[in-house]
Each structure stands twice: as C-alpha cells, then as structure tokens.
Amino acid sequence: MVPTPAADAIPDQDDVRPEDVARLSEQLVRELRELKAIVTPEVERAVRAVPRHLFVPEVPLEKAYAAEHHYVTKKDEHGVSISSVSAARVQAMMLEQAGVRPGMRVLEIGSSGYNAALLAELVGKDGEVVSIDIDPGVLDRARQLLPAAGYDEVILLRADGEFGAPQYAPFDRIIVTAGAWDIPPAWVDQLAPGGRIVVPLRMRGLTRSIAFDLDGDRLVARDYQLCGFVPMQGVGENRTSLVLLHGAKGEEVGLRLDEGQQVNAPALARALHQPRVERWSNVTVGGFEPFDNLDLWLATVLDGFVLLTAKPQARERGLVASVSPLGVATLADDDSFAYRTVRPTSEERTLFEFGVYGHGPNADALADHLAEQIRLWDRDHRQDQARIEAHPLGTPAEELPAGRLIDKRHRRITISWP
C-alpha cells in the first residue's frame with residue numbers, strides 16, 4: 001500500500017507568488033471554457049475562487065492549474081490508483097452536469113478536498129456540503145487542506161459510499177467522485193424530490209459521468225460525458241477483470257471484462273497470433289473530434305462486446321494496431337475477435353478512417369459485422385445521444401425501453417437510441 005501523504009509530509013507553499021496564482025487561475029478558466037467544461041458563470045466563479053494549488057501542494061504550480069492534470073494521492077499494494085484529485089476539466093464538467101445552486105444540500109461521495117471546496121462556493125453560506133470517504137487517510141488529508149484553504153464549513157465523514165450519509169439527508173444533489181458499477185438504494189432514498197445524482201457509471205466496461213434525474217421510481221439521464229475515475233471501495237466495489245492474450249513483459253495484450261462478460265481466453269490467445277484481416281468502413285473522423293458515442297453504440301448493439309487493452313510496446317511490435325488507456329471496442333466470439341482501429345486519410349493526418357482488424361477462424365465475419373455497425377452509427381446515430389435509464393431491479397422486461405439491458409445488483413440499466 002502506498003499511503004496518503006501524512007500531514008507533516010505535505011510541503012508548504014510559502015514561496016508561491018500571488019501574481020503567479022492569479023495568472024495560472026485565469027489561464028485555467030480560459031482553457032476550461034475553450035474545452036466547454038465550464039459553460040455557466042456559477043461554475044466559472046467557483047473555479048476562480050478556489051485556490052487549486054492548495055489542494056495539490058505536492059505538484060509544481062503550473063501542473064496544479066493544468067486542465068487535464070490529475071494527481072494520484074494513494075495506490076493499493078498492486079500499484080493501482082485508489083484515490084486522486086481529478087483533472088480540473090472533469091471536475092468542472094461534473095459540476096456543470098450537477099447544476100448546483102445556492103442553498104442546496106450536497107453529498108459528495110469520495111473526498112479530495114478541492115471538489116468539496118468548489119461545491120462550498122456553489123452552495124454558498126445557506127447551503128451545506130457533506131463529503132464522505134471510506135479511507136481515513138484520504139479524510140485526514142481533506143481535514144488538513146480544506147480549513148487551510150478557508151473551507152472549514154465542509155462536513156467530513158468517514159463512511160462507505162454505498163450507504164451515503166443518512167443522518168444529513170435529504171440531498172438536492174449527490175455527486176460521486178469514484179467509478180461506480182451500480183446505483184445503490186441509499187443514494188436514491190437520500191435524494192430530495194427533484195434531486196439529481198451525478199455518477200461515473202460503468203456499463204459493459206465503459207464509464208460515463210451521467211447526470212440522473214429522479215422520475216418516479218426510475219432515474220433518467222439528462223446528460224452523459226466520457227470520463228475515467230479510480231474505482232469505488234467498500235461494499236459497492238466491483239472491478240473489471242483482465243484476461244491476458246499475450247503476457248510477454250512490457251508488451252502485454254488482454255481483454256478487459258466487466259461483470260458477466262466471459263471469453264475463451266486460450267482460444268483468443270491463439271487467435272491473436274494468427275494473420276489478421278482488415279475491413280475499412282469509409283466512415284471518417286476529424287483529428288480532434290470526439291467519437292466516444294461510437295463506442296457506446298457498439299456496446300449497445302454487440303452481444304460480444306469487450307475492450308481490448310495493450311501496452312504501447314505491443315503496438316510497436318505489430319501485435320495490435322490500436323492502444324487506448326480506456327480500452328478499444330472489440331467484438332469477440334468463442335475463438336475469434338475483431339477490434340476498432342483508425343488510419344489517416346492523408347499525410348496531414350487531419351482526418352482518419354475507422355476500420356476493423358480481426359483475428360481467428362471467424363475473423364472475416366466478425367470484422368464485417370463490426371464495420372457494418374460503424375457504418376450504421378454514422379448513418380443513423382452519429383448526431384444522437386443515447387437514452388440511459390436506471391430502473392428498479394424488479395421492473396419487468398416488457399416495461400423497459402427497447403435496447404441494451406444491463407442488470408446490476410440494485411438496478412436495471414437500459415441504453416436505447418432514437
């Protein structure tokens with residue numbers, strides 16, 4: 001276990017110049033606006049008001065105010081991050097999703113300190129922020145940093161996020177800052193009428209920050225965004241599993257499986273080393289154009305959807321053509337698999353074409369099917385947003401929307417498209 005820095009191990013910042021902080025804070029706000037992470041004056045005011053560097057004193061000032069920089073505060077015994085201060089872009093994005101306003105009571109599940117300070121700015125003197133964490137070391141850090149930055153009104157509580165904080169409920173907003181696999185009953189029970197839950201929810205291996213509004217006994221997504229978070233700990237912990245197809249050190253290739261997903265690992269490992277087939281879709285994407293909705297579409301329509309993960313050295317050796325820290329959309333059957341890739345359409349590399357590489361005895365059929373689904377997304381759903389709902393566990397299937405059904409411990413998640 002790599003511990004959270006002790007109080008006396010956190011460096012002081014007496015040599016930080018106020019003019020540098022002002023300049024970098026202004027630069028951060030401008031960048032977050034350009035990224036459309038900040039869209040309202042309320043969130044902009046909060047980001048301007050909270051001195052971010054005070055919550056990540058271990059990093060250089062420039063990194064503290066970098067929009068995409070996140071700082072890992074704790075790792076487990078295997079080196080996996082279990083606590084971090086998220087990137088400013090992600091935090092601002094989730095605050096915009098939440099729509100926090102003055103006077104609200106907000107529950108934050110997962111304490112970094114900085115996000116709680118932003119929430120305190122948003123709710124104002126008439127509101128209340130309760131921040132809980134299961135890890136005492138994480139809370140000790142927050143207990144030191146929040147008052148030092150002037151936010152001693154935040155209520156900090158050691159608790160398992162699965163059960164919320166019933167003694168302070170109801171909450172107008174619940175914001176979860178750790179990757180969740182399910183939506184436990186306590187969150188819904190502790191939500192005030194008209195309340196909203198913002199949660200990084202994992203669905204078939206893909207994580208999206210989803211803003212759910214309560215509608216009767218179901219939760220309906222009003223917005224979702226691509227994100228990545230450290231996993232929840234405690235009763236609600238549910239991590240993906242990794243099945244290696246190629247285990248050579250430094251060039252590992254594997255499939256990341258979510259709850260309920262299974263593959264024939266030995267057969268697919270053999271398939272990886274068979275000649276690959278190629279299919280190209282004639283569907284293109286700009287160099288900076290997001291296409292995470294394509295992966296959500298594929299996760300919705302493909303029964304054998306999994307995620308291919310690999311080290312960069314595996315791509316350099318030609319074992320795979322694509323590498324992504326979040327995993328590459330893949331279609332697998334018993335002895336073959338095919339995965340999404342791209343290629344530039346010109347030397348300028350401003351436009352890329354989606355394609356598919358397949359391996360194994362059934363590679364041709366899988367590659368054809370995956371390429372066709374890419375074309376269907378482009379033709380019918382490229383501009384669409386999926387409708388994501390979370391229904392009570394006992395809801396009959398005939399009462400659910402058509403589309404992909406993902407059963408979890410507490411909720412039935414549905415993903416449907418217009």
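This is a predicted model: local features need pLDDT of at least 70, side-chain atom pairs count only at pLDDT 80 or more; totals for chains, interfaces and linings use all residues.
Biologist: Where is the place of Asp258 in the chain, and does Asp258 count as buried or exposed?

Modeller: Asp258 lies in the loop between strand E11 (253-257) and helix H8 (265-272). For burial, look at relative accessible area: under 20% is buried, over 50% is exposed. Asp258 has a relative accessibility of 5%, so it counts as buried.

Biologist: And helix H8 itself, how many of its residues are buried?

Modeller: To read a whole helix, apply that cut-off to its residues in turn. In H8, six of the eight residues are buried, so this helix is largely enclosed by the rest of the structure. The buried residues are Ala265, Ala267, Leu268, Ala269, Ala271 and Leu272.

Biologist: Let me try a contrasting residue. Is Ala148 buried or exposed?

Modeller: Ala148 sits in helix H6 (residues 136-148). With 65% relative accessibility, Ala148 counts as exposed. Sequence separation and distance in space can be read side by side here: Ala148 and Leu54 are 94 residues apart in sequence, while their C-alpha atoms are 8.0 Å apart.

Biologist: Now helix pairs, please. At what angle do H1 and H2 pack?

Modeller: Read the angle and the axis distance together. Helix H1 (residues 18-34) and helix H2 (residues 41-49) pack at about 150 degrees, and their axes are 10 Å apart. An angle over 145 counts as roughly antiparallel, and that is why H1 is described as roughly antiparallel to H2. H1 passes H2 in a right-handed crossing.

Biologist: Which residues of H1 and H2 make the contact?

Modeller: From H1 come Ser25, Glu26, Leu28, Val29, Leu32 and Arg33, and from H2 come Pro41, Glu44, Val47 and Arg48. Sorted by class, the contact of H1 with H2 has five nonpolar, one polar and four charged residues.

Biologist: How do I read the pair H9 and H11, and what is the angle between them?

Modeller: Go through the steps again. Helix H9 (residues 292-301) packs on helix H11 (residues 363-381) at about 120 degrees, with the axes 10 Å apart. That angle makes H9 oblique to H11. The crossing of H9 past H11 is right-handed. On the H9 side, Asn293, Leu294, Trp297, Leu298 and Val301 meet Leu370, Gln373, Ile374, Leu376, Trp377 and His381 of H11. By class, the contact of H9 with H11 has eight nonpolar, three polar and no charged residues.

Biologist: Stepping back, how many helices and strands are there in the chain?

Modeller: The chain has 11 helices and 19 strands. Its radius of gyration is 22 Å, close to the 22 Å that the globule rule gives for 418 residues, so the chain is as compact as a globular protein of that length. The C-alpha trace spans about 65 × 50 × 40 Å along its principal axes.

Biologist: What percentage of the 418 residues in the chain is buried?

Modeller: Buried residues make up 56% of them. Finally, take contacts between residues at least 6 apart in sequence: 61% of these join residues at least 24 apart.

Conventions
Residues are numbered from 1 along each chain as its sequence is written. Side-chain values use heavy atoms; hydrogens and water are left out. Axes are lines fitted to C-alpha atoms, for helices over the stretch in contact, and angles run from 0 to 180 degrees between N-to-C directions. Helices (H or I, at least four residues) and strands (E, at least two) are DSSP runs, numbered from the N terminus. Angles under 35 degrees count as roughly parallel, over 145 as roughly antiparallel, 65 to 115 as roughly perpendicular and the rest as oblique. A crossing is left-handed if the near helix is turned anticlockwise from the far one by less than a right angle, and right-handed if clockwise. Contact means heavy atoms within 4.5 Å. Ala, Val, Leu, Ile, Met, Phe, Trp, Tyr, Cys and Pro count as nonpolar, Asp, Glu, Lys and Arg as charged, and the others, Gly among them, as polar. The radius of gyration is taken over C-alpha atoms; the globule rule is 2.2 Å times the number of residues to the power 0.38. Buried means under 20% relative accessible area, exposed over 50%, partly exposed in between (1.4 Å probe, protein chains only).
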